Every structure is written in C-alpha cells, then in structure tokens.
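User: I want to learn how to read a ligand site. Can you take me through one, feature by feature?

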Amino acid sequence: MMPAYDDQNIFAKILRGELPCFKVYENAHTFAFLDIMPRTPGHTLVIPKAPARGILDISADDLAEVARTSKTIAVAAMKAFDAEGIIIQQFSEAVSGQVVFHLHMHVVPMKSGVALRPPQSRQEDATVLADHAARLIAALGSSREP
Ligand code: 5GP
C-alpha cells in the first residue's frame with residue numbers, strides 16, 4: 001500500500017517558506033521553482049499547493065492546475081533559455097525514480113548541443129541559479145500564451 005503524505009518532505013518545507021528556493025512563479029494552486037541540480041539550464045519544478053505524493057493521490061483538478069502552470073513555465077522557458085523543445089517528467093513512488101514525495105512536474109528546456117545531465121548529478125552554483133530564475137521571471141512577465 002502507498003504510504004501517507006508526509007508534510008516534512010523538502011518541497012512541503014519550501015512551500016511553507018521553511019527552506020529557501022529560487023522561486024519563479026506562484027498562483028493560488030501551484031508553485032514553481034528551479035531544480036537545485038538542473039539537468040539543463042532552466043530545469044524547473046512545478047508543485048501543487050495541495051498535499052499529494054504523486055499522480056496516484058493528487059486530485060484531477062489539482063493535477064490540471066499543475067499541468068496548466070507547467071505549460072506557462074514551458075512557454076517562458078523556450079524564450080528565456082533560447083530552447084528548441086521541452087521535456088515534461090513526473091515520477092510517482094520510489095520504484096519510478098521519485099526521490100521527493102510531494103508531486104512535482106519537471107519542466108526541462110532542451111536545446112540541440114546541450115546534453116541532459118544525469119538526474120541529481122551536480123548542485124548548480126547559486127549565482128547561476130539566481131541568473132536563470134531572473135531570466136525565467138522576466139520571460140514569464142512578458143510571455144503571451146498560445
Ligand atoms: P524526483 O526524482 O523526485 O522526481 O526528483 C526530485 C528533484 O528534486 C531532483 O531533480 C532534485 O535535483 C531536486 N531537488 C532535490 N532536493 C532539492 C532541494 O532541496 N531544492 C530544490 N530546488 N530541488 C531539489
């Protein structure tokens with residue numbers, strides 16, 4: 001049986017402001033921040049404000065909100081990082097590769113010639129992450145969604 005949601009997970013603490021993050025976007029239902037070990041520049045995590053471990057326990061409405069925000073981030077990331085495509089990934093439960101048990105959608109900008117780093121291979125410098133967050137926030141401010 002699937003374990004219960006644990007509100008002591010890292011992303012719940014980020015959501016409550018108990019741990020720092022490079023926040024790029026927030027609305028009533030979702031929160032988005034940079035992955036601290038990005039697979040490519042601009043790798044962003046979109047999470048629901050509602051407590052959910054993954055795809056199996058999140059409500060359909062909250063999942064739809066996460067998808068909506070992921071789309072917003074994807075469009076802005078194309079511009080901010082001069083990307084040519086986007087990977088969207090979501091892992092549910094340890095066997096799938098999930099490490100943090102608060103649902104998150106990975107939004108990974110892709111550009112030819114820029115290889116994906118392996119998952120969680122290297123913590124990015126704070127100055128680089130700050131620059132990437134600023135670029136994404138600027139693009140979010142000016143993006144018109146198709
Ligand atoms: P999962 O395998 O659970 O889908 O991925 C968890 C992701 O969270 C990984 O990509 C990892 O780099 C990222 N991550 C782990 N700890 C932290 C943290 O403290 N802050 C941020 N921003 N990302 C984290």
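**Reading the ligand site**

Analyst: Start with which elements build the shell. In this predicted model, α1 contributes the most to the shell around the ligand, with 3 residues. Both α1 (10-15) and β2 (30-34) supply at least two shell residues each.

User: Which residues come nearest to the ligand?

Analyst: Take the whole shell, then pick out the nearest members. The ligand has 17 residues around it, and Asp35, Gly97, Val99, His104 and His106 come nearest.

User: How do the shell residues divide into nonpolar, polar and charged?

Analyst: Sort the shell by residue class. Here 11 are nonpolar, 5 are polar and 1 is charged.

User: Where are the polar contacts?

Analyst: Look for N or O pairs within 3.5 Å. The side chain of His106 places an N or O atom 2.8 Å from a ligand oxygen. Backbone atoms take part too. A polar backbone atom of Val100 is 3.1 Å from an oxygen of the ligand. For Ile36, a polar backbone atom lies 3.4 Å from a ligand nitrogen.

User: Which pocket holds the ligand?

Analyst: Check the ligand against the pockets of the protein. The ligand sits in the largest pocket.

User: What does the UniProt record list for residues 10-117?

Analyst: Read the annotation, then the model. An unreviewed UniProt entry lists "domain: HIT" for residues 10-117. In the model, that span is 25% helix and 23% strand, and its end C-alpha atoms are 22 Å apart.

Technical notes. Residues are numbered from 1 along each chain as its sequence is written. This is a predicted model: local features need pLDDT of at least 70, side-chain atom pairs count only at pLDDT 80 or more; totals for chains, interfaces and linings use all residues. Side-chain values use heavy atoms; hydrogens and water are left out. A residue is near a molecule or strand if one of its heavy atoms lies within 4 Å of it. A polar contact is a pair of N or O atoms within 3.5 Å; within protein, one must be able to donate a hydrogen and the other to accept it, and residues adjacent in sequence count only if both atoms are side-chain atoms. On a 1 Å grid over the protein atoms alone, a cavity is a set of points where a 1.4 Å probe fits but cannot get out, and a pocket is an open set with protein on both sides within 12 Å along at least five of seven lines; lining residues have an atom within 4 Å of a point. A molecule sits in a cavity or pocket if more than half of its atoms lie within 2 Å of its grid points. Helices (H or I, at least four residues) and strands (E, at least two) are DSSP runs, numbered from the N terminus. Ala, Val, Leu, Ile, Met, Phe, Trp, Tyr, Cys and Pro count as nonpolar, Asp, Glu, Lys and Arg as charged, and the others, Gly among them, as polar. UniProt positions are given in the numbering used here, feature names are shortened, and annotations may be inferred rather than shown by experiment.
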